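These are my notebook entries on what I looked up in the structure shown below. Each entry takes one topic.

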2 protein chains.
Amino acid sequence: MNILIAQSGGPTCAINASLVGVFKQGLLTEEIDAVFGSINGIEGAVNDEILNLKSIIKTNEDMELLRQTPSTMLGSCRCKLPDYEENPEMYEKILKTFTTHRINIFIYIGGNDSMDTVVKLSSYLKSVGSDIKIIGVPKTIDNDLPVTDHTPGFGSAAKYVAATVQEIIRDSSVYSIPSVTVIEIMGRHAGWLTASTCVLRANGEEAPHLIYLPESSFTPEQFIEDTKKEMAKHKAVVIAVSEGVSLQDAADFQSGAVDNFGHKYLSGVGKYLERLVADKIGCKVRSVELNVMQRCSSHICSKTDIDEAERIGRHALKAALDGFTGKMMCFRRVSDTPYAVTIEMTDACRVANQEKLFPKEWISPEQNQVTDAAIPYFLPLIQGEVNIMMKNGLPVHFQRPLQMR
Amino acid sequence: MNILIAQSGGPTCAINASLVGVFKQGLLTEEIDAVFGSINGIEGAVNDEILNLKSIIKTNEDMELLRQTPSTMLGSCRCKLPDYEENPEMYEKILKTFTTHRINIFIYIGGNDSMDTVVKLSSYLKSVGSDIKIIGVPKTIDNDLPVTDHTPGFGSAAKYVAATVQEIIRDSSVYSIPSVTVIEIMGRHAGWLTASTCVLRANGEEAPHLIYLPESSFTPEQFIEDTKKEMAKHKAVVIAVSEGVSLQDAADFQSGAVDNFGHKYLSGVGKYLERLVADKIGCKVRSVELNVMQRCSSHICSKTDIDEAERIGRHALKAALDGFTGKMMCFRRVSDTPYAVTIEMTDACRVANQEKLFPKEWISPEQNQVTDAAIPYFLPLIQGEVNIMMKNGLPVHFQRPLQMR
């Protein structure tokens, strides 16, 4: 029998490690003949664009390189499967691809949209009497999937963000005049990544002095009051803010300006708060957007994250071989110190289209900080460094097959 | 006798390594009693805000930690010394501080503004018959100082930029639809840092497909033509652009929009080009600004850069002890392969207020790329990795003395 793997959603530093996990386990499993990869997520299965992974991952060094290469080697998609009733043809095409290539197991690495695909596809296959197993492997830097303790990809993103925020703290505090630095961090609805900057306290940093999440209640007036209070205590105030922080005024602001092309300005919340500080306080102020670097800076990935991502990939294949389908693999935390997790599984329908928000009890009563209680949760996830392969002073990346560039 | 060190201008990853170089050489020199640090550049000398570095750098571990801590441990300033005739009092204050603390040597680590201070101060001291020696140590991520082959701080910035651009290349190429990614890199007048992304070719990357510098001649029309041509060849086009690229239209654009506070929008060139692509081509497009991370991401600093920064600091003190004054230390490249530099010196007046632009002969005739001839210049500067000290999964930084926070 053969298996098929696909990757979906936004890139992370760990999604290729999960691919390697499934691939390695496939090589070790006697009854598996070939491990195929689907190009651009489920689209490859629909369009019969698949390739034999052995033709591109040829050595142990390739596997190690792929583990530490960011983004999705097989490409990705934002495609959500329509309901069967809406578009039965799409399901039939997938089944045809599976049948043509003798695929018995399909492993889908992705976020909550991808878990929706796992649910729909596994239900369809059952309904037509197919024995093909569908298993989901979680990934997202947002850490917002229910049931699982955390998601592969998050730990590396959190490590990059914390290390970078620490460097920006150094950078921002060199001049003798007071200043405010606003750092905008990814997270539209869930503030996990922004909240994780609290780990800097473990190394003695006082900043970020303020942390705002989509889950905090927030007004521009309170933000200015908070900032003024911190400025009374610190010369260089550093503020971490989620891109999705709920700012009624920011929405107004974004629709206010029109550029020379006649387009509306869609300025981020960091830029908005920079201008608010300039207007209401008038001090030196700068905003910094960590942008896509948050999800692709594998040169400072978390070893814990990469190792776990590979491990959960292996377990996904085992679960499928054990006969499970329509499930997502997940981590259950056994202990913070020493850190220990087990890998279990849950019905993918418990995850599909759901979001796990940052717990209210870890937000300070003033709604502008994360409490110390969150630190033991985050800290284990950013531990350890991967021995990055270097050439010419630069990390080496696994190069995708030519037909995909 | 005693010596005084100060740091000035924009932070880099290497400016503390130069401080360590001077400090270590001071410890080793029999005739030197104390090594003082001036707080916030020349301001500390004016205001008699100086501290004995032995009171804060206490161990070998402290020195190693400081070497790998970004930004300026002693703070910085943007203060340019006025001419003596304009403000003799300022010069007299500095001399008073020097006399009070028995300072015989002042080492100023900074860019072309700081070299102006070296020139003015050394001339003043000679004119009043003082024997105090003033030596400049170069630093800037812009690499735009004349005479010296390159500047400490540049290699680390170039290593961060190239590694990050490579990661953004991976990130940008996952979807099946065509896309353009514009990466805005620091450099107002000199494009060295943006140009240095050509080193990725040494590792087999084709991107950045287009590189635009302040030194290239450039029109928005040509940019769109260039981009369309690259889109015909590559699914995901990645473009590196200096913040200072000369765009008459961009200036118009920046003054066009007004926000809800009534302020003009000062959008960067990356954002401008993003909107231009959206308007004229209409494909998926994103801009990314590498912002202050370019100058402070010491977690991926260049070992060559950090080692050279320390070495040039040591040499600066030796030059002062040899009786030189009004000089800036500089690198002379002996060979690209194997890489070899000697440390020499030049009159600081040859550097003060001057800029060294990226050579026209390394810009492609089409004005949209850097030629392969530039690669051997850049490559040695980003070689080697510093063994970064980690604690709790994060780099450890040297913490500034409490009175400076």
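**Entry 1: a helix pair in chain B.** I looked up which residues of H8(B) meet H10(B): Pro220(B), Phe223(B), Ile224(B) and Thr227(B) of H8(B) touch Leu273(B), Leu276(B), Val277(B) and Lys280(B) of H10(B). I count two residues as in contact if their C-beta atoms, placed from the backbone, lie within 7 Å. Helices (H or I, at least four residues) and strands (E, at least two) are DSSP runs, numbered from the N terminus. By class, this contact has 6 nonpolar residues, 1 polar and 1 charged. Ala, Val, Leu, Ile, Met, Phe, Trp, Tyr, Cys and Pro count as nonpolar, Asp, Glu, Lys and Arg as charged, and the others, Gly among them, as polar.

I note that the model is predicted: local features need pLDDT of at least 70, side-chain atom pairs count only at pLDDT 80 or more, and totals for chains, interfaces and linings use all residues. Residues are numbered from 1 along each chain as its sequence is written, while chains are lettered from A and ligands numbered from 1 in the order in which they are written.

I then looked up the geometry of the pair. The axes of H8(B), residues 220–233, and H10(B), residues 269–280, come within 11 Å and cross at roughly 65 degrees. H8(B) is therefore roughly perpendicular to H10(B). Axes are lines fitted to C-alpha atoms, for helices over the stretch in contact, and angles run from 0 to 180 degrees between N-to-C directions. Angles under 35 degrees count as roughly parallel, over 145 as roughly antiparallel, 65 to 115 as roughly perpendicular and the rest as oblique.

**Entry 2: a sheet in chain A.** In what order do the strands of the open sheet of 4 strands stand? I read E7-E8-E6-E9 in chain A, with parallel pairing. E7(A), residues 210–212, and E9(A) are at the edges with a single partner strand each, so one side of each has no neighbour in the sheet. Neighbouring strands are turned by 15 degrees against each other on average, direction ignored. Strands pair if DSSP finds at least two bridges between them; E6(A), residues 179–185, and E8(A), residues 236–242, have 7 bridges in the parallel sense. Val182(A) has Ile239(A) in E8(A) as its bridge partner. H10(A) packs on this sheet, where it touches E6, E8 and E9 of chain A, and its direction makes about 175 degrees with that of E9(A).

**Entry 3: the two chains.** I found that chain A can be laid on chain B with an RMSD of 0.0 Å by a turn of 180 degrees and a shift of 0.0 Å along the axis. This is the relation of a two-fold axis. The superposition is by least squares on the C-alpha atoms of residues with pLDDT of at least 70 in both copies.

The contact takes 67 residues from chain A and 67 residues from chain B. On the side of chain A that touches chain B, H6(A) gives the most, with 9 residues. That side has 26 nonpolar, 26 polar and 15 charged residues. Of the interface residues of chain A, 100% are also interface residues in chain B, so the copies meet through the same surface.
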